[in-house]
2 protein chains.
Amino acid sequence: MNARDLLAGVPEVIHLGLDTVAEAAAATGSRVTTVPFLPPAGGEPARVAQLQRVSCGSLGVTIDAANQRAVDRFFASRPHLVGIALARDVIAGMADDLFLHAGPPISWERMCGPLRGAVMGGMLLEGLANTTEDAAALAAGGRVRFEPCHHHRAVGPMAGLITPSMPVFILEDVDGPGRGNRTFCTLNEGLGKVLRYGAYSDEVLIRLRMMRDELAPVLATALVAHGPIDLRLLMAQALQMGDEGHNRNRAATSLLLRELAPAIVRTAPDSEAAARVLEFIHRNDHFFLNLSMPMAKCMLLAAEGEDLSSMVTVMARNGTDFGIQISAMPGRWFVGPADMVRGLYFPGFSEADANPDIGDSAITETAGIGGFAMAAAPAIVQFVGGSAEDALATTRAMGRITIARNPTFAIPALSFAGAPTGIDVRLVEELSLLPTINTGIAHRSPGIGQVGAGLVNPPWACFHDALAAFTEHCLAHAPENVASEEA
Amino acid sequence: MNARDLLAGVPEVIHLGLDTVAEAAAATGSRVTTVPFLPPAGGEPARVAQLQRVSCGSLGVTIDAANQRAVDRFFASRPHLVGIALARDVIAGMADDLFLHAGPPISWERMCGPLRGAVMGGMLLEGLANTTEDAAALAAGGRVRFEPCHHHRAVGPMAGLITPSMPVFILEDVDGPGRGNRTFCTLNEGLGKVLRYGAYSDEVLIRLRMMRDELAPVLATALVAHGPIDLRLLMAQALQMGDEGHNRNRAATSLLLRELAPAIVRTAPDSEAAARVLEFIHRNDHFFLNLSMPMAKCMLLAAEGEDLSSMVTVMARNGTDFGIQISAMPGRWFVGPADMVRGLYFPGFSEADANPDIGDSAITETAGIGGFAMAAAPAIVQFVGGSAEDALATTRAMGRITIARNPTFAIPALSFAGAPTGIDVRLVEELSLLPTINTGIAHRSPGIGQVGAGLVNPPWACFHDALAAFTEHCLAHAPENVASEEA
């Protein structure tokens, strides 16, 4: 083809921007291909103004530096598994009448089915009720108080229920600026009918009692004999072995089991107890999820409280609301309605059965693993849907809204590039690109359990509100930057 | 740029083929880029004629069908780990004065350093000699006979030495046309100073005795309690977890350990013995190599003996010679000189220390894993050299010289395409493309051990000789095809 031929046919136009321009081109007979385009902050004038304030000029530079400090503190954290004990004995502020749950604060009235189911199971487990009817009535009547796990440096998958007598993993940051920080999570129950998906049958309660009376003591003793386990290094290995730390934990579970097995065998009261514990872990590829979550929480704690940082440090859902927090304003929730999960359903279930997005497990994405590290775990697409290429594309996309690449969490399929880490609220708004979360799907009714798995995003409200509050916070806390801009 | 500009400058020519043509273009002032090109069978007239005979016409179609039957039998095989016993008790033809070794047949005089070192260690282990000097003198003097592992349906990594008192894994094909086939391999010793790399110090012998007296009996008893283990399914999982089954076996080793751990604990004589066995496996990520190899051998046995199949069923090296066998002529070796390995050396070692390619482990590549499945194990490039892209490219290239894709051994990074399986001697010659093998590098002197890891190819002589013999075999065994061609 020579140059003349290029102009001989019908012009082909690739268009990005205002529709009216494309319409004019189409009117002349051109073939127009429109590229989807969202202006920064969705083009909403108030948010565009906020974004200009916090992204441009010297304040933008100051915030960039604060974000780098926050993510550097994250990278310097060294979360280790140091012990296992009952929640009431180790979680600060835990009380006999206190139940912790996933996500931002919520009352019984607004709780979704699976969270109510888990609470009812917790009432039975703690001996506060004898029947499920009593349990529901007592919970509704204020017999126990409800607080988020995150308010107690704990995290929990799905319903995320932690009651006083449940055993919890104890993680401790042993180095860096977060040294001494402790985080907590229950032990993973396995699949099928389990409390975290809102089931509360006898089978569920019997398993929880076994976990308290045998699994936790055997593991706790083995851990003392073995010594603390560096979870960051274990996670780094698992990312080389097809895990992403949220919906795929087979490698990390295997590595943990082989690491602890000799100590379990040497310290268990008898070989049958040791065998049962090894079998329990072996049968549950998600066993490590309840360690990748508090590991993520422990690393993110180190990044909290950097005064002018727009880095997201919490993402969590209670099945009704989705809440996020940012480094500059620790403890302050920005909340929106939890969305439905797009995914694959187990045989016999469909979207009509699904509860909205639930659980503290989005702490893994907040820490750059889970959905953000999907490229490390192409096999996960068989569980959450999509293709191996989609997994690579998701990790690349998350690289656009994050502050840094984690040098320790290298992803082989991306030429060992680090996992995209530290969501910047400003970038989410500027690029109109929400975080992607891998997650399980709970049945909407109490007592049933998991019905599928898939992908979900946080609601825009969380990020819009966080950007507005962060802008206000910066204007109040960095007046010299603002002054220099306006001079 | 318009069309005129294209012709205004110096012409740029991309050339493939005879050099004289490129030289003529260059003489006119064109810039010539030459693409490396090898004509089929290297353009050697006798081999081109052989290739035409066996690749074209009705004989070509008949051979294609035979290859498909051979690889289908491979896919239908179901190798299970069924037991552990002493070599003398289970390997057919084993005798007190017989030592088995890797690769094709070889005499003491032609053995390389590491193979001699392993033989000397074997003499000490069996109590046939008391000093290394005696061991060497007795071995040279014919005190024991030497035969290839492959002649006894066994395989061994590196030196591959199997002596009568060594414990071996017993694998059995439990279904399909290969039903009842049994293959054998020693248990992996771990890294550092080990017999398979030619070391024979006290440390090596003490470990081998411990493996015979504790590791093997404990595992054998646990295996009886557990029941047979489907190694094909375990390998399929490991390929989703970053293993390729030759130089990276961390996932498969982990999966095997968690599968067997409860039975080990329940059946070991005491908890300390169980703990030591679990620790031994935990400390050796290559433990599963000695199962992926006999698994591969078991699957390939099912493909042997398809009368007109050009599928490669054995590739093996003794550190001096490289030998291959093909389905149509079971037991017949086609041999050439073993090449040097291109790779990464451990600190303090260089290519000057390296022995040529050694070991039966190329049976993994013969079965479509190892170097052929490198795309499943991008992290391996940190061990053998290259980039993650190189790993993908190697698997894609091996797809060009193989008969089929293994539907069970899916590779996530290639959109779950199966591992390229069943090397066709004809395709290797037609495309002038040799198989790629991942492998360890042994020190050339006896007594030292591993010095690195890398990639290597078989010598061309193996394939040239196999093609010539296969062509002759076809002319003798399929006269009707030849007749129809010549009619």
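The two copies meet through the same surface, because 97% of the interface residues of chain A are also interface residues in chain B. Keep in mind as you look around that this is a predicted model.

**How the two chains meet**

- Chain A can be laid on chain B by a turn of 180° and a shift of 0.1 Å along the axis, with an RMSD of 0.3 Å. That is the relation of a two-fold axis.
- The contact draws 31 residues from chain A and 30 residues from chain B.
- On the side of chain A that touches chain B, three helices each supply at least two residues: α10 (250-267), α11 (271-282) and α15 (388-398).
- The largest share of that side comes from α10(A), with 10 residues.
- Sorted by class, the side of chain A that touches chain B has 17 nonpolar residues, along with eight polar and six charged ones.

**Chain A as a whole**

- Chain A contains 18 helices and 17 strands. Its radius of gyration is 24 Å, close to the 23 Å that the globule rule gives for 487 residues, so chain A is as compact as a globular protein of that length.
- If you follow the C-alpha trace of chain A along its principal axes, it spans about 85 × 55 × 45 Å.
- Of the 487 residues in chain A, 55% count as buried.

**A three-stranded sheet in chain A**

- In chain A, three strands form an open sheet in the order β12-β17-β16, and their pairing is antiparallel.
- The edges of this sheet are β12 (342-345) and β16 (437-442) of chain A, each of which pairs on one side only.
- From one strand to the next, the twist averages 25°.
- To see one of the pairings up close, look at β12(A) and strand β17 (residues 450-456) of chain A, which are joined in the antiparallel sense over four bridges. Here A:Leu344 stands opposite A:Ala453 in β17(A).

- Strand β10 (residues 321-326) of chain B is mostly covered, with six of its six residues buried.
- One partner of β10(B) is strand β9 (residues 312-318) of chain B, and the two pair in the antiparallel sense over five bridges. Within this pairing, B:Val312 has B:Ile326 as its bridge partner in β10(B).
- β9(B) and β10(B) also form a hairpin with two residues between them. In the turn sits B:Gly319, which has a positive phi of about 90°.
- Another partner of β10(B) is strand β11 (residues 334-337) of chain B, again antiparallel, with four bridges. If you find B:Phe322, you can trace across to its bridge partner in β11(B), B:Gly336.

Key:
Residues numbered from 1 in each chain as written. Chains lettered and ligands numbered in written order. Predicted model: local features only at pLDDT ≥ 70, side-chain atom pairs only at ≥ 80, totals over all residues. Buried ≥ 20, exposed ≤ 12 C-beta atoms within 10 Å, placed from the backbone. Pairing = 2+ DSSP bridges. Rg over C-alpha atoms; globule rule 2.2 N^0.38 Å. Contact = placed C-beta atoms within 7 Å. Nonpolar A, V, L, I, M, F, W, Y, C, P; charged D, E, K, R; others polar. Axes fitted to C-alpha atoms, helices over the stretch in contact; angles between N-to-C directions. Least-squares fit on C-alpha atoms with pLDDT ≥ 70 in both.
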